[in-house]
Amino acid sequence: MTEQDGAMRPHAAHWGAFRAGWQNGALVVEPHPADPDPSPILQNFPEALRHRARIAQPMVRRGWLEHGPGPSTARGREAFVPVSWEKALALLAGELARVRDSHGPQAVFGGSYGWASAGRFHHAQSQIHRFLNIALGGYVRSVNSYSAGASAVIIPHILGPFEAVTRRNVTWEQIVGHTGLVLSFGGMAVKNSAVASGGVSRHVERGAMAAAAARGTRFVLIGPLKDDLPEEAGAEWLPITPGTDTALMLGMAHTLLAEGLHDTAFLATHCTGWDRFAPYLTGAADGQPKDAAWASVHCGIPAGRIRQLARDAAGTRTLISMAHSLQRAEHGEQPVWMAAVLAAMLGQIGLPGGGYNYALGAIAHYGKRANAVPIAGLPQGRNGVRDFIPVARVSDMLLNPGAPFDYNGQRLAYPDIKLVYWAGGNPFHHHQDINRLRRAFARVDTLVVHESAWTATARHADIVLPATLSLEREDIAGSPNDPLLVAMHQLAKPFGEARDDYAIFAGLAERLGCGDAFTEGRDARGWLRHLYETTRAALAERGEAAPSFEEFWQDGELALPQAPDDGGILRAFREDPAANPLPTPSGRIEIFSETIAGFGYDDCPGHPAWLAPTDTPAPGAPLWLVANQPATRLHSQLDFGGTSAASKRRGREVVRLHPQDAAARGIAEGDIVRLHNARGACLAAAALSEAVMPGVVQLATGAWYDPEDPNDENPLCVHGNPNVLTRDMGTSRLAQGCTGQLTALEVEKFTGNLPPVRAWDPPAG
Ligand SMILES: Nc1nc2c(c(=O)[nH]1)N[C@H]1C(S)=C(S)[C@@H](COP(=O)(O)OP(=O)(O)OC[C@H]3O[C@@H](n4cnc5c(=O)[nH]c(N)nc54)[C@H](O)[C@@H]3O)O[C@H]1N2
Ligand SMILES: Nc1nc2c(c(=O)[nH]1)N[C@H]1C(S)=C(S)[C@@H](COP(=O)(O)OP(=O)(O)OC[C@H]3O[C@@H](n4cnc5c(=O)[nH]c(N)nc54)[C@H](O)[C@@H]3O)O[C@H]1N2
Ligand SMILES: [Mo]
């Protein structure tokens, strides 16, 4: 590796495969030549690499260094003291041993949720989980994701494995060839399918939508933003009041039933519980028919359009797709379930290009063929701790040790956590109600963070260890739904004293007496060789070209064979439900679930239902906030990079609102505005847009939390992080998923002295 020679070397990120090299002292990044629609997010790298936001050396919070571990509200408020690696590792190894020996590994929260980086070996979660298992005997883990908190729990009850419904179902190829109508709930924005964990080498979504539209596929976008489908789809836009899709789907289902357009044979042969659901739909059960007129009152779409949409769906090959966003909200289980019921009534589940593909287009994994050979990950060892939390219950856990909570039919208790360890995630990005999260983090004895840059999470830590960016190490990128394995060559020297997470954990393991168990005697290159062997051996087994590790590394990439586009278990089930039952309790699609009904949750009954949200616009907070994924970065990663920084105005994140809502508040294009509700407030720069429906404002996630005065209890975020506003509550007792997509708030013109944005400045030493 050299930073001088001008050679372009292969590398990969979650947002694309690329080549990079040094020209005239600057890093130059070029997308992979085979990528038809590369992501602009790639261009965050050059500016980010040596940015002042990077962490140069190990740091310890002054109060922790001087007084030792213990609860403290000084986190995020106090200065750091730079220390040597030797001292940092000795302090941390000592603290880990103290907590393990006096409280046990069940006092360590190592959930460490987050996307980390694309390489499979240096994948930070894999590293930290392996380390905690080997060095401490385990840790309290988290289950599910912020992405799919509700759907990951409900889908296995009603259809089968989450992966079968998302990753091995309807492909873009099938849509181009077969689909007549795509009902796209929440859209399929190509900025979202720009990314896939582990990497994506070809961005095919825009081209597929263009090809399908050219053949005659009709796209209907149901959502609050007009630009959630690309121009190429030629979509009709049906603006819908956020959080009301279940009502719309019920209205469509009622129309199908009333007009005899439902597939009674499919409901009889492939589903269970239609007889329990139909009385709810017709109103026989509760006196309220869920007809189009009723639905219209809730969702704001005229009844005539709802009826017509139902007829249109019954008249052609129809695919229902649904963004993750709909279930990242109160009662998020309901639209996921109701969409399955609607697709079942249409009788098209399992047909090429028809039925239901949950999350298609939300991430680039979906709508693709699966690879025919595996890609290995780092072995995790065994976690000896049974306690876990649904991932988005982290503040609840830290604030309420011992308190009971419900999850998927179980009654569990929150563990008593003394030490929190994070590597590869940013809770000050992903979690809701950040001011509450700060109070939660103040409760623990020690917060440890490995980070490459000074995120708010790093600023709130007691021990901050500087981690390399993927550009500064070697790795292998790949994902089960992408046909390219990439040899990620090292492109730059580590920044400052930054180390790989692997090296940090190896150093700690050695001090804790388990160095060999952690490393198994391998260096990083040794592990890459070891992990690659799984793929190579599988290729050889299939009788295909199986290059050696050296050849792979030299070539920079390896094309992987793919499985046939066979529709997965849903197709097999459709064709022969007796021979190929679904892995649900009934072996069928569960329109009514005895299991879920048996849990007795009023917030998730035995069949899909309209459960009105409680966090809705009201006096004082009359607008909906849609806090969706950012177009110019992945979450909070490299917020300080070129593409992300260029999207800001006057240094702030941009909030979009309808000109009508802006005019009513005296807000003009480019004004700095203050978004606020009962939980918090942030600043952002206003952009007026008719692509946002009236009554809605849209502020993407990812701007780093930047408290005006960190000593305040509820400080103003001057940069535009929407999670100071969102509510920290579970989707329901079933899944306890994250509800960060939507909340209610007010927006006003900001007239005070404009505070500076300091999010990317290192904290005071
Ligand atoms: N309001 C609201 N909130 C949301 C959402 C929403 O829709 N609305 N969406 C949610 C969703 S779907 C998700 S998935 C989450 C995402 O939440 P996260 O996955 O936590 O967000 P990232 O910014 O990807 O955080 C990854 C962090 O890991 C660091 N990192 C990267 N590589 C490495 C490495 O090799 N080593 C170490 N030590 N660190 C590394 C990065 O610098 C970054 O700070 O956010 C959720 N939050
Ligand atoms: N560029 C980029 N791409 C990403 C990510 C990123 O950070 N950056 N993150 C990735 C990750 S981890 C995930 S999980 C996925 C997330 O995928 P999604 O959750 O699907 O993505 P979002 O952008 O949050 O939401 C999509 C759209 O849903 C619409 N929407 C919100 N509420 C409602 C509603 O109640 N009803 C309807 N009909 N529509 C609604 C909004 O208009 C929003 O723009 O994105 C992935 N893709
Ligand atoms: Mo996600």
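**A salt bridge to start with**

Guide: Let's begin with one pair: the side chains of arginine 168 and aspartate 566 form a salt bridge, 3.7 Å from N to O. Keep in mind that this is a predicted model.

Visitor: Where in the chain do arginine 168 and aspartate 566 sit?

Guide: The pair links distant parts of the chain, 398 residues apart. Arginine 168 is in the loop between α6 (162-166) and α7 (172-178). Aspartate 566 is in the loop between β22 (557-559) and α23 (568-575).

Visitor: OK, zooming out. How is the chain divided up into domains?

Guide: Domain 1 covers 9-48, and domain 2 is made of 59-146 plus 380-559. Domain 3 takes 151-371 plus 566-599, and domain 4 runs over 623-749.

Visitor: Let's pick domains 1 and 2. How far apart are their C-alpha centres?

Guide: Those centres lie 26 Å apart. As for touching, 14 residues of domain 1 are in contact with 19 residues of domain 2.

Visitor: And what area gets buried between domain 1 and domain 2?

Guide: About 1300 Å², with carbon and sulfur atoms giving 71% of that. On the domain 1 side, Pro10, His11 and His14 lose the most area to domain 2. Together they make up 48% of what that side buries.

Visitor: How many salt bridges are found across that interface?

Guide: The rule finds 1 there. Glutamate 557 and arginine 19 also meet through their side chains in a salt bridge, at 3.7 Å from N to O.

Visitor: Which elements of domain 1 give two or more residues to the side that touches domain 2?

Guide: Those are the strands β1 (9-13) and β2 (16-23). By class, that side of domain 1 has 9 nonpolar, 3 polar and 2 charged residues.

Visitor: Changing topic: ligands! What surrounds ligand 2?

Guide: 32 residues do, and the closest are Lys191, Asp228, Gly243, Asp245 and Ser325.

Visitor: Which atoms of those come up against it?

Guide: A polar side-chain atom of aspartate 228 lies 2.5 Å from an oxygen atom of ligand 2. Serine 325 also uses a polar side-chain atom, 2.7 Å from a ligand 2 oxygen. With glycine 243, a polar backbone atom is 2.7 Å from an oxygen atom of the ligand.

Visitor: And which residues come nearest to ligand 1?

Guide: Of the 32 residues around ligand 1, the nearest are His430, Glu451, Asp501, Ser636 and Asn723.

Notes
Residues are numbered from 1 along each chain as its sequence is written. Chains are lettered from A and ligands numbered from 1 in the order in which they are written. This is a predicted model: local features need pLDDT of at least 70, side-chain atom pairs count only at pLDDT 80 or more; totals for chains, interfaces and linings use all residues. Side-chain values use heavy atoms; hydrogens and water are left out. Domain bounds come from an automatic or database domain assignment. Contact means heavy atoms within 4.5 Å. Buried area is the accessible area (1.4 Å probe) that two parts lose on being put together, summed over both. A salt bridge is a side-chain nitrogen of Lys or Arg within 4 Å of a carboxyl oxygen of Asp or Glu. Helices (H or I, at least four residues) and strands (E, at least two) are DSSP runs, numbered from the N terminus. Ala, Val, Leu, Ile, Met, Phe, Trp, Tyr, Cys and Pro count as nonpolar, Asp, Glu, Lys and Arg as charged, and the others, Gly among them, as polar. A residue is near a molecule or strand if one of its heavy atoms lies within 4 Å of it. A polar contact is a pair of N or O atoms within 3.5 Å; within protein, one must be able to donate a hydrogen and the other to accept it, and residues adjacent in sequence count only if both atoms are side-chain atoms.
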